[in-house]
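Dear colleague,

Please read them with the model open beside you.

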Amino acid sequence: MVDNSTLVRLLRQLTVESDRFAELFGERQRMHRTDLNALALIMDARWGGEPMSPSRLAEAMHLSASATTSVLDRLEASGHVERTRSAQDRRKVELRVNEKALDLGRAFFTPLNEALTRAWVGFGEAEKEVVARFLAASIEATVAVRTDLAE
């Protein structure tokens, strides 16, 4: 039987190892962790079908407008992100990860993706659904507590 403290410990270990992996990518690309987090949020918005805007990025990262502009300036200068005008509303700016950044990410993260896929071979679809629900609930709980503490 796995108790809740074991689950918390395992989640913490996964978080630390994921952070270490992301930091290695950042070191190789000479990117600050804040820039990596911004890039991840912009990519997640893209995959979610809703383009990221500078103001949404600032809110998601809890940064001031000027700090967000600095992050975006660095990401744009390094060729990872482009600021474009929205096709629906030309007054709005949308952030897009360019192909160079996606290619760099694929090259670095593909071995991890392959290793995780091999590690999960023994899990059936029903088990994966439970794990996905567990992770989503864990993320929601973490966001809720973080939000409460920030207020």
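In this predicted model, the lining of the largest pocket draws at least two residues from each of helix 1, helix 2, helix 5 and helix 6 (125-150), and helix 1 supplies the largest share, 14 residues. The pocket holds about 2,500 Å³ of space, and among its 48 lining residues Leu-14, Thr-15, Ser-18, Asp-19 and Ile-139 lie nearest the centre. Sorted by class, that lining comprises 29 nonpolar, 10 polar and nine charged residues.

The second largest pocket has a volume of about 180 Å³, and the residues that line it include Glu-50, Arg-56, Gln-88 and Lys-92. Helix 3 and strand 2 (93-97) are the elements that give two or more residues to this lining, with helix 3 giving the most, three residues; by class, the second largest pocket is lined by four nonpolar, four polar and four charged residues.

Turning to the backbone, most residues other than glycine have a negative phi. Arg-30, however, has a positive phi of about 55°; Arg-30 sits in the loop between helix 1 (4-29) and helix 2 (33-48) and counts as exposed, because its relative accessibility is 78%. His-62 likewise has a positive phi, near 60°, in the loop between helix 3 (54-61) and helix 4 (65-77), and His-62 is exposed, with a relative accessible area of 58%.

Finally, Asp-103 belongs to helix 5 (residues 99-119) and is partly exposed at 43% relative accessibility, while its C-alpha atom is separated by 29 Å from that of Phe-123, 20 residues apart along the chain.

With best regards

Key:
Residues are numbered from 1 along each chain as its sequence is written. This is a predicted model: local features need pLDDT of at least 70, side-chain atom pairs count only at pLDDT 80 or more; totals for chains, interfaces and linings use all residues. Side-chain values use heavy atoms; hydrogens and water are left out. Helices (H or I, at least four residues) and strands (E, at least two) are DSSP runs, numbered from the N terminus. Buried means under 20% relative accessible area, exposed over 50%, partly exposed in between (1.4 Å probe, protein chains only). On a 1 Å grid over the protein atoms alone, a cavity is a set of points where a 1.4 Å probe fits but cannot get out, and a pocket is an open set with protein on both sides within 12 Å along at least five of seven lines; lining residues have an atom within 4 Å of a point. Grid points are joined across faces, edges and corners, and a volume is the space filled by probe spheres set on the points. Ala, Val, Leu, Ile, Met, Phe, Trp, Tyr, Cys and Pro count as nonpolar, Asp, Glu, Lys and Arg as charged, and the others, Gly among them, as polar.
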